[in-house]
Amino acid sequence: MQPTYRTYRRFVSHRLIEAREEAGLTQKQVGETKIITQSSLSKLENGEGRVEFIRLIKLAKLYGKPIDFFVWKPEKDK
């Protein structure tokens with residue numbers, strides 16, 4: 001069964017939260033970096049809207065994560 005767009009969005013949302021928390025940052029602190037506003041980050045982490053690829057690259061760098069951390073990797077068919 002193919003994942004839906006909603007599934008992908010939820011996956012990225014969870015990964016954004018996980019990466020930010022592992023980096024020890026609050027939404028407010030990330031918002032102060034000028035990469036993204038706190039309100040926009042909150043929306044993304046709640047599964048609303050779409051993250052621009054360039055912004056995702058910058059967030060990955062800030063969080064110390066490789067870009068593929070945020071990419072859905074479906075299990076291979078058995």
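Which residue's side chain does Gln-27 join through a polar contact of 2.6 Å? The partner is Glu-45, again through its side chain. This is a predicted model, so the 2.6 Å value is a computed one.

**Around Gln-27**

Gln-27 sits in helix α2, which spans residues 27–31. Its contacts reach beyond its sequence neighbours. Leaving aside residues within four places in sequence, Gln-27 touches Arg-20, Gln-38, Leu-41, Ser-42 and Glu-45.

**Confidence**

The protein has a mean pLDDT of 91. Of its residues, 92% reach 70 or more. The helix that holds Gln-27, α2, has the highest confidence. Helix α1 has the lowest. Where pLDDT is low, predicted coordinates should not be read in detail.

| Element | Mean pLDDT |
|---|---|
| α1 (residues 5–22) | 93 |
| α2 (residues 27–31) | 98 |

**α1 against α4**

Helix α4 covers residues 53–63. Its axis comes within 9 Å of the α1 axis, and the two cross at roughly 35°. From α1, the contact uses Leu-16, Ala-19 and Arg-20. From α4, it uses Leu-56, Leu-59 and Tyr-63. By class, five of these residues are nonpolar, none is polar and one is charged.

**The largest pocket**

The largest pocket has a volume of about 250 Å³. Its lining comprises 15 residues. Closest to the centre are Tyr-5, Tyr-8, Arg-9, Val-12 and Val-51. Which helix gives the most to this lining? It is α1, with seven residues. The lining of the largest pocket counts 11 nonpolar, two polar and two charged residues.

Key:
Residues numbered from 1 in each chain as written. Predicted model: local features only at pLDDT ≥ 70, side-chain atom pairs only at ≥ 80, totals over all residues. Heavy atoms only, no water. Helix = DSSP H or I, 4+ residues; strand = E, 2+ residues; numbered from the N terminus. Polar contact = N/O pair within 3.5 Å; in protein donor to acceptor, adjacent residues only side chain to side chain. Contact = heavy atoms within 4.5 Å. pLDDT = per-residue confidence, 0-100. 1 Å grid on protein atoms, 1.4 Å probe; cavity = no way out; pocket = protein on both sides within 12 Å on 5 of 7 lines; lining within 4 Å. Points joined across faces, edges and corners; volume = space filled by probe spheres on them. Nonpolar A, V, L, I, M, F, W, Y, C, P; charged D, E, K, R; others polar. Axes fitted to C-alpha atoms, helices over the stretch in contact; angles between N-to-C directions.
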